[in-house]
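This briefing describes selected features of one protein structure, arranged by topic. Please keep the sequence and the structure in view while reading.

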Amino acid sequence: MDESTLRPGTPTDGAAPHRARRSVLRTALATAAALGSGTLAACGSDDEGDTSPFTGERHKSGRVLAVKVDNVAAARPQNGLDHADIVYTEQVEAGLSRILAVFASDVPATVGPVRSARESDIELLRQFGEPALAFSGVQSKLLPTLEAAPLRLLPPGELSDGYERDPGRRVPHNLYLKARRAEQAADGASAPRDIGYRFGSAPGGGRATDRHTVRYPGARFTFTWSGDLGRWLVAMDGSPARAREGGRLAPATVVIQYVTVRPSRFHDSSGSVTPYTETVGSGDALVLRDGTAYEAHWSRPSASDGTTFTRADGGERLPFARGQVWVALVKKG
């Protein structure tokens with residue numbers, strides 16, 4: 001849909017310093033079409049066994065790599081989502097959904113299908129410092145804003161040996177990132193840091209919940225608690241969501257974050273307006289963990305700040321369950 005606005009260009013050396021390469025990014029992008037109680041403070045580094053600030057689990061953490069992932073029916077099942085530390089879902093044109101997956105603890109061989117970036121990604125990712133962002137392309141009018149952002153940009157034109165197409169799927173739902181190659185090329189990208197999450201034992205209160213559905217105008221996600229797995233099983237548009245490599249997608253914590261979603265100044269080739277999802281500010285949230293739903297409040301004072309989640313009934317920090325976190329960014333009522 002939105003890749004039709006891309007223009008051709010020339011790949012560049014993925015190992016060069018990213019600041020110096022901003023001047024060639026405009027040309028490089030154009031080739032994309034061718035290819036708590038018991039709560040732990042979330043802190044970590046590159047040392048073996050440190051606690052991930054994104055999952056609360058002990059992992060060796062590398063650089064932060066965010067990947068824009070397709071989420072229409074033709075793109076499923078996706079590659080690599082089961083390896084992500086954090087999975088964000090958001091509304092895009094025509095009421096459909098798209099995914100932004102954040103990796104640091106466990107980078108898989110491939111991630112995708114990869115699709116185009118949005119203006120909202122810049123604000124959302126600022127809390128990670130200067131992460132790497134892999135994406136298939138971007139609208140030409142958005143390009144200067146993206147170039148100026150504190151991101152290590154890795155579109156196909158910048159990393160020509162970092163993408164491949166699957167001949168068994170149709171364009172544009174067949175472009176995949178060689179994620180380990182992208183991580184190697186992400187020189188200068190930030191290491192994981194505290195983005196506001198806290199992890200620990202389940203607090204008291206909340207209400208027993210075994211299922212919750214998030215609805216966008218043209219898409220929906222359902223999260224069903226599995227006591228056997230101790231995880232929330234994901235369904236997309238009514239069908240079980242599976243990793244392409246096998247197995248259900250099943251985060252430990254699901255956050256429904258109610259945000260402002262407004263029209264942006266961009267639209268796709270069919271004329272549909274691109275939504276802008278605001279993730280700076282404050283509002284209500286619902287946190288699902290251990291078969292329980294907790295009413296919460298989220299706060300993020302500025303783009304460079306992390307997002308904190310506190311209990312709606314007392315203001316105490318609300319700990320997440322250790323493991324993968326899904327954050328559904330949903331328009332507030």
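A residue is called buried when its relative accessible area is under 20%, exposed when it is over 50%, and partly exposed in between. By this rule Glu295 counts as partly exposed, because its relative accessibility is 45%. The model discussed here is predicted.

- Strand E4 is largely enclosed by the rest of the structure, because seven of its seven residues are buried.
- Burial applies to both faces of E4: Ser97, Ile99, Ala101 and Phe103 lie on one side, and Arg98, Leu100 and Val102 lie on the other.
- Strand E2, residues 65-69, pairs with E4 in the antiparallel sense through five bridges. Within E4, Ile99 stands opposite Val69.
- Strand E3 also runs antiparallel to E4, and six bridges join the two. The bridge partner of Gln91 in E4 is Ser97.
- E3 and E4 form a hairpin with five residues between them.

**Residues with positive phi**

- Ala94, in the turn of the E3-E4 hairpin, has a positive phi of about 60°. Ala94 is exposed, since its relative accessible area of 55% is over 50%.
- Asp290 is not a glycine, yet it has a positive phi of about 50°. Its place is the loop between strand E19 (281-289) and strand E20 (292-300).
- Asp290 counts as partly exposed, at 35% relative accessibility.

**Cis peptide bonds**

- Gly112 and Pro113 are joined by a cis peptide bond with omega about 5°. Pro113 belongs to the loop between strand E5 (110-111) and helix H2 (119-125).
- Val171 and Pro172 are likewise joined by a cis peptide bond, with omega about 5°. Pro172 belongs to the loop between strand E8 (163-165) and strand E9 (175-178).

**The open sheet E12 to E15**

- Four strands, in the order E12-E13-E14-E15, form an open sheet with antiparallel pairing.
- Strand E12 (211-216) and E15 stand at the edges with a single partner strand each, so one side of each has no neighbour in the sheet.
- Strand E14, residues 231-236, is joined to E15 by two bridges. Ser239 in E15 is the bridge partner of Met236.

**Two buried loop residues**

- Ala241 is in the loop between strand E15 (239-240) and strand E16 (253-259). Ala241 is buried, because its relative accessible area of 5% is under 20%.
- Leaving aside neighbours within four places in sequence, the contacts of Ala241 are Val234, Ala235, Met236, Arg248 and Leu249.
- Ala241 and Gln78 are 163 residues apart in sequence, while their C-alpha atoms are 8.8 Å apart in space.
- Gln127 lies in the loop between H2 and strand E6 (132-134), and its relative accessible area of 3% makes it buried.
- Not counting residues up to four places away in sequence, Gln127 touches several residues, including Tyr88, Arg193, Ile195 and Arg300. Among the others are Ala303, Ser304, Asp305, Gly306 and Thr307.

**Salt bridges**

- The structure holds 13 salt bridges.
- One of them pairs Glu93 with Arg118, whose closest N and O atoms are 2.8 Å apart. This pair links distant parts of the chain, 25 residues apart: Glu93 is in the loop between E3 and E4, and Arg118 is in the loop between E5 and H2.
- Glu93 counts as buried at 0% relative accessibility, and Arg118 counts as buried at 5%.
- Glu295 and Arg207 meet through their side chains in a salt bridge of 2.9 Å, N to O. This pair also links distant parts of the chain, 88 residues apart, with Glu295 in strand E20 and Arg207 in strand E11.
- Arg207 is partly exposed, with a relative accessible area of 41%.
- Arg262 forms a salt bridge with Glu278, and their closest N and O atoms are 2.7 Å apart. Arg262 lies in strand E17 and Glu278 in the loop between strand E18 and E19, so the pair ties together parts that are 16 residues apart in sequence.
- Arg262 is partly exposed at 34%, and Glu278 counts as partly exposed at 24%.

**The largest pocket**

- The largest pocket has a volume of about 250 Å³. It is lined by 16 residues, and the closest to its centre are Glu57, Asp82, His83, Ala84 and Gln324.
- The lining of the largest pocket comprises four nonpolar, six polar and six charged residues.

How values were computed. Residues numbered from 1 in each chain as written. Predicted model: local features only at pLDDT ≥ 70, side-chain atom pairs only at ≥ 80, totals over all residues. Heavy atoms only, no water. Buried < 20%, exposed > 50% of the residue type's maximum accessible area, 1.4 Å probe, protein only. Contact = heavy atoms within 4.5 Å. 1 Å grid on protein atoms, 1.4 Å probe; cavity = no way out; pocket = protein on both sides within 12 Å on 5 of 7 lines; lining within 4 Å. Points joined across faces, edges and corners; volume = space filled by probe spheres on them. Nonpolar A, V, L, I, M, F, W, Y, C, P; charged D, E, K, R; others polar. Pairing = 2+ DSSP bridges. Salt bridge = Lys/Arg side-chain N within 4 Å of Asp/Glu carboxyl O.
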